[in-house]
Amino acid sequence: MKVLKFGGSSVADAESIKSVKNIVANKAVKDKQVIVISAFKGVTDLLLQAAEKASLRDEDYSKIFAELEERHLSVAQQLLPIASQSKTLSYIKRELNKLETLLEGAFLIGEITPKLLDSILSYGEQLSSYIINEYFTVEGLNTIRKDSRSLIISDEHYGRATVDFTTTNTLCDTYFGTVTYDIVVVPGFTAASASGNSTTLGRGGSDYTAAIIAGAINASALEIWTDVSGMYTADPKLVKQAFTIPHISYEEAMELSHFGAKVLYAPTIQPVLLKGIPIYIKNTFKPELEGTRIQKNTNGASHPVRGISHINDIALLSLEGSGMVGVSGISKRFFGVLSDCDINVALITQASSEHSICVGIAQKEVEKAEKAVNKAFEYEIVSRKLNPVSVESDLAIIALVGDNMKSHQGLSGKMFSALGQNNVNIRAIAQGASERNISAVINKSDVKKALNTLHERFFEDNVKQLNIFVMGVGNVGEKFLQQIEHQKKYLREKLKLNVRVVALSNSRKMYFDEGGISLKNWKELLEQGEKADIDTFSEKVRSLNLRNSIFVDNTANEVVASTYARYLENSIAVVTCNKIASSSGYENYSLLKELSRKYNAPFLFETNVGAGLPIIDTLKNLIASGDKVRKIQAVLSGSLNFVFNNFDDNTPFDEVVKQAQLEGYTEPDPKIDLSGIDVMRKILILARESGYALDIEDIANESFLPQESLDTESVDDFYDALIKHRSHFDKIYEQAVSKGCRLKYVASFEDGKASVGLQHIPKDHPFYNLEGKDNIVLFFTERYCDQPLLVKGAGAGADVTASGIFADIIRAGNF
């Protein structure tokens with residue numbers, strides 16, 4: 001004989017009940033069955049609400065009662081042919097009349113006792129099981145209904161009654177050993193005391209009812225039918241990558257259930273564990289799926305972690321003080337107070353110094369617990385041997401669960417390291433002696449991020465998801481998004497990185513999608529977004545609180561650069577081609593670097609110098625390996641290099657500048673490039689990354705532009721000034737040619753001093769043959785003293801800049 005339990009979601013409405021009938025009918029061909037039925041979905045909550053309102057003398061309880069009446073009558077009418085409805089509808093009305101009388105009594109006295117509440121709550125399962133059994137009968141199944149109150153006997157601890165297993169097992173064995181029907185329908189959740197009063201087995205008690213009967217009759221299997229396809233590696237509503245666990249041990253299932261896995265009521269396992277009866281978790285609406293099998297020792301050694309679970313709405317209650325040290329009985333009194341208040345403890349941790357005890361309890365119990373503990377230890381608190389109990393609220397417990405965790409070293413380290421890298425603060429830690437679970441208390445707001453982080457670490461083939469927030473989708477930004485789309489498959493398969501763009505923004509619009517923005521039609525989606533606002537953007541990034549978050553700045557906007565600290569202090573990495581922050585005041589630069597270290601959030605700006613060239617990364621590796629930079633010589637402006645490579649005695653200087661602007665090598669205002677400020681910023685960044693504390697004012701700028709050009713206020717005026725001073729630029733060119741040299745705009749750093757300016761480069765110099773928009777950097781270090789380390793290549797253009805940003809994204813992902 002098998003025992004099948006169908007939960008509230010499986011009997012939510014008439015259509016769902018038809019699915020239940022099909023499952024039962026198919027199984028009845030081979031096996032006799034006990035079918036345990038929950039109340040219709042939501043009915044228990046409605047009964048609770050009605051009872052509460054009645055006890056408060058709120059006449060709205062009658063509206064809830066009317067809803068309950070309509071719900072049950074409607075389901076019966078939909079399931080049963082008209083000719084077969086009379087008996088069932090009469091039963092429903094008769095039972096509802098009794099329920100109404102109980103609610104009226106609560107209304108009249110303005111109170112509801114635990115005993116009365118259990119009687120009221122029992123009607124959900126009593127009504128649903130009766131309707132479903134009648135439906136089975138008219139569908140031709142060989143079925144009978146048996147009231148669970150005549151089978152399961154308990155004490156009178158109303159709300160969470162304790163079962164008398166000796167009496168219950170005898171009653172079940174006698175009844176099921178003699179019943180001749182193929183199917184016995186039993187209401188779940190309810191039991192009765194020896195004196196005949198209705199009791200309940202706690203929320204989720206229908207699972208327990210099924211397990212009690214399964215254990216009593218030595219059933220061949222216990223099947224729990226619900227609306228999900230088994231126990232998952234994590235809550236699939238919070239972790240999209242969660243998947244069904246095919247098999248799991250009893251102990252693992254109990255741990256996961258205790259820590260919030262709602263598929264199974266934790267006490268369910270105990271009655272079947274000793275008998276070795278397997279439990280199957282199945283999906284009523286996808287019965288063909290295997291689901292999860294729970295039985296003894298099913299966990300292979302290769303799977304140390306079987307699942308991740310959590311409990312929301314937890315508070316920490318801490319008792320501490322010097323008066324605890326070496327004093328026996330403190331813990332006993334502390335837990336005795338909580339027990340007397342009927343407060344369940346979800347987690348316990350105690351300092352080895354005996355200076356404190358900390359417990360995790362339900363948030364709703366914290367006020368009661370705080371008052372009771374302070375009262376119990378009033379003498380010690382007044383005499384300052386103990387501090388008043390402290391409370392931390394709005395917390396949650398997360399737990400890693402697995403039978404073989406104790407056989408694998410380093411799991412705790414991996415767990416806490418992964419959480420720490422994502423700025424998940426841990427308030428308390430506990431690990432059972434069996435080492436079957438590792439539990440941590442965290443902020444409730446971090447639950448989703450923590451679950452996804454741990455699931456990624458332990459279940460997803462070590463694939464790391466990067467959540468990208470992009471500000472700026474112009475030339476560089478668009479190329480960057482194209483590269484991500486093109487390389488997605490490679491990144492996942494070869495580098496174990498799953499890059500997901502969550503937000504996009506330009507100067508007008510911004511668009512967010514936590515599930516990931518399609519990069520095939522991102523332009524259309526962005527146009528549908530809300531009005532762009534830099535502060536709102538950063539706040540949304542923070543509030544989403546996603547793991548491995550990276551903010552990407554593809555702008556040259558000073559206001560955007562000023563927001564970097566907000567991201568870093570929330571453990572959100574920053575990747576930027578915007579030079580403003582890294583070349584701002586040294587104090588701000590140092591702050592950003594410190595925040596990056598403190599909050600373990602990469603601050604990467606490789607493209608600030610040389611676009612996609614690995615200049616800064618090379619420099620960092622030199623410094624990290626203990627080398628010291630003595631001198632830097634560099635051509636760092638692709639636009640200026642383009643200008644001076646194309647300037648000759650046949651083409652006026654102003655026309656070459658215009659060509660560079662048209663081809664996208666310069667800023668819209670070319671004076672920014674030609675004034676040297678851009679190159680100053682770049683050499684400043686390289687000097688700082690070399691370990692020197694410099695500011696932009698410390699750099700000598702030997703400008704080649706006439707003062708009149710520098711003083712212009714518009715692009716047109718700037719070009720007019722260039723035309724006016726053509727002879728000035730021709731003279732510069734002629735001087736270089738007369739010496740057999742070429743003109744290059746060079747940045748230099750030596751002995752702590754930096755300068756930028758136009759230089760004559762002889763034929764034997766590495767800079768002489770630098771063509772087009774190329775950049776070149778020579779690093780003279782203690783190790784590279786005679787022959788410098790040279791980095792050379794394209795230093796401008798949207799494609800190479802985007803590739804540099806992409807490289808920084810990968811660096812951040814591997815951080």
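1. A pocket here is an open set of grid points with protein on both sides within 12 Å along at least five of seven lines, and its lining residues have an atom within 4 Å of a point. The model is predicted. In it, the second largest pocket has a volume of about 1,100 Å³ and a lining of 40 residues. Those that lie nearest its centre are V476, A556, K579, E667 and T801. Two or more lining residues come from each of α15 (475-494), α22 (638-646), α24 (671-674), α25 (677-689) and α29 (798-813).

2. Helix α6 runs over residues 165-178, 14 residues in total. From first C-alpha to last it reaches 20 Å, close to the 20 Å expected at 1.5 Å a residue. At its start, a side-chain oxygen of D164 comes to within 3.3 Å of the backbone nitrogen of T166.

3. Which residues of α6 are buried? They are T168, C172, Y175 and F176. These four are on the same side of α6 because they cover an arc of only 85 degrees around the axis. On the other side, T166, G177 and T178 are exposed. The cover over the buried residues of α6 includes β2 (33-37), β3 (143-145), β4 (153-154), β5 (183-187) and α7 (205-216).

4. S318 belongs to strand β12, residues 307-320. Its relative accessibility is 11%, so S318 counts as buried, the cut-off being under 20%. Apart from neighbours within four places in sequence, S318 is in contact with I357, C358, V389 and S390.

How values were computed. Residues are numbered from 1 along each chain as its sequence is written. This is a predicted model: local features need pLDDT of at least 70, side-chain atom pairs count only at pLDDT 80 or more; totals for chains, interfaces and linings use all residues. Side-chain values use heavy atoms; hydrogens and water are left out. The expected span of a helix is 1.5 Å times one less than its number of residues. Buried means under 20% relative accessible area, exposed over 50%, partly exposed in between (1.4 Å probe, protein chains only). The arc is that of the directions from the helix axis to the C-beta atoms. Contact means heavy atoms within 4.5 Å. A polar contact is a pair of N or O atoms within 3.5 Å; within protein, one must be able to donate a hydrogen and the other to accept it, and residues adjacent in sequence count only if both atoms are side-chain atoms. On a 1 Å grid over the protein atoms alone, a cavity is a set of points where a 1.4 Å probe fits but cannot get out, and a pocket is an open set with protein on both sides within 12 Å along at least five of seven lines; lining residues have an atom within 4 Å of a point. Grid points are joined across faces, edges and corners, and a volume is the space filled by probe spheres set on the points.
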